[in-house]
Amino acid sequence: MDFQWSYEIPRTVEFIRSRGFSRVALQFPDELLKDSTRVARALRHELGKGVRLYVMADTAYGSCCVDEVGASHVDAECVVHYGHACMSPTSTLPALFIFGKAFINVNACAESLLQCLSVSNKPVLVLYGLEYAHALQDLKSVMSKLLSSRGSNQMLYYSEVAHSSINPSGYHIKDIKLPESHEDAITDGEIIKNGESEVSNKLESGTKYSLGGLTWTTQSEHKMEDHLLFWIGSDNSAFANMVLTFNSCEIVRYDAKEGKLLNDFSQQTRILKRRYFLVEKAKDANIVGIIVGTLGVAGYLHIIQQMKELIEKAGKKCYTIVMGRPNPAKLANFPECDVFVYVSCAQTALLDSKEFLAPVITPFEAVLAFSRGRQWTGEYIMEFQNLMASDATEIVDDNEGARFSFLKGCYVEDHQPQENNGDQKEMPLALAEMTEKALNVRNQCTDSVLFKGTARSGAEYLAARSYQGLNMQYENAPLQSYVVGRTGRASGYDDEIE
């Protein structure tokens, strides 16, 4: 595959020049890092010495998100993101996305798509990984010939790439002139080529959807669950995002690497059942940790504040934790937390928490768990931007008293928040006073606090532990004489006998 064509060097150069950027960060995932020097060299050859390029790797969070924190360290004016992308909106920097051009046998894919059309009476909607967007127009041409030769009038629709560059102000940067192979794939309306319209992609007015950088519109007489979804790509985070979001739709997947059509997604169904189990487990939590899984996705501060208000209204204690990419070892440092809420982009939000000491849930699952009286209807929201725009985060007041815990098998009482809780937040010594109060309670059963999860705050959990850190005695502390330390290297100090 041609290097310039795969990494779209001419398009990147035009993007940088047309906007006058002089400091550009190039973000590569681990699997493409080997090509970073060649890409930077090719761009420098075209741009000259007036533009400084910085290669970024080992992102603080998911590689699918634009690493604005890393780019800010070099005062970059924009980011060029290579590889798989979640297309989450940025907060401070404009970004250009180079999805890459993965190989796909268009004829074999068209035959599989035609097979689905022949056995299903539902309208078929084609979705795909962004790395296959370059082959969309070729697929349309082949399918148009196959359908016309068979005289089929089956309803077939295609999703489009919503945009290939974004800016932090919330609207999309108008795409520059793209190479011919990619130009037809990134459009917002009807595709016209050689003066003829592709009527199979022109949809009537209806509901508009957007997911993972793709956008499409359903016809007014059809609901989303009435469609058969034909996914082109790997079984990755983008596919899992689509399956959970549209869990009521019939879905098939064409594996472009293997050239096979797959329709057994029992694993995804088990994942959905486990997520519901975690929601029930989170309802019994007393202490909740909010993990900040992104510092660049627009709106992350707003959703964190919403989660804090939701948790406090439910009578639970919450703590905000920033740690980069979470793993079992990091979260084990916070044993007092009964559950964690992971705020991140949609494609990194689902963590397999089987190895964690406490379950890790998404903001949408937190809304289900901490809102009394709210029932899960089967809807699943992955994007927290969509969660903020909906009424899902509205607090549901339900004073029914005790609720039934499916895990404990009995009725439990949720502690209601104190009325003066807001005043306590303003007190500078609130945390110190709570800690001192908790440490004074020495006669309580520590096993109940440590192992049965009855602690209501981190200070109360600390008081029940046998080791509480170094006890510094500041009042009337005796003066200690200084001690001369050892000199030399650890392999052999000066006072050691050889």
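**Rings, helices and burial**

Mentor: There are nine aromatic pairs here, counted by the rule that rings of Phe, Tyr and Trp (its six-membered ring) pair if their centres lie within 6.5 Å, with planes under 30 degrees apart called stacked, over 60 edge-to-face and the rest tilted. Please keep in mind that this is a predicted model, in which local features need pLDDT of at least 70 and side-chain atom pairs count only at pLDDT 80 or more, whereas totals for chains, interfaces and linings use all residues. Residues are numbered from 1 along each chain as its sequence is written, and side-chain values use heavy atoms, with hydrogens and water left out.

Trainee: Why is Trp 216 called buried, and why is Tyr 209 called partly exposed?

Mentor: Buried means under 20% relative accessible area, exposed means over 50%, and partly exposed lies in between (1.4 Å probe, protein chains only). Trp 216 has 3% relative accessibility and is therefore buried, while Tyr 209, at 23%, is partly exposed. Of the 498 residues of the protein chain, 48% count as buried.

Trainee: How do you know that Arg 253 lies over the face of Phe 239?

Mentor: Arg 253 is 5.7 Å from the ring centre of Phe 239, and the rule asks that NZ of Lys or CZ of Arg be within 6 Å of the ring centre and within 35 degrees of the ring normal.

Trainee: How many helices and strands does the protein chain have?

Mentor: The protein chain has 17 helices and 23 strands, where helices (H or I, at least four residues) and strands (E, at least two) are DSSP runs numbered from the N terminus.

Trainee: What makes α10 and α12 roughly parallel to each other?

Mentor: Helix α10 (residues 300–313) and helix α12 (residues 363–370) pack at about 15°, with axes 10 Å apart; the axes are lines fitted to C-alpha atoms over the stretch in contact, and angles run from 0 to 180 degrees between N-to-C directions. Angles under 35 degrees count as roughly parallel, over 145 as roughly antiparallel, 65 to 115 as roughly perpendicular and the rest as oblique, and α10 and α12 are therefore roughly parallel. Their contact (heavy atoms within 4.5 Å) includes Ile 303 and Met 307 of α10 and Val 367 and Phe 370 of α12.

Trainee: Why are α5 and α6 called oblique?

Mentor: The axes of helix α5 (residues 106–119) and helix α6 (residues 136–150) cross at roughly 50° and come within 9 Å, and this angle is why α5 and α6 are oblique to each other. Among the residues making the contact are Leu 113 and Leu 117 of α5 and Val 142 and Leu 146 of α6.
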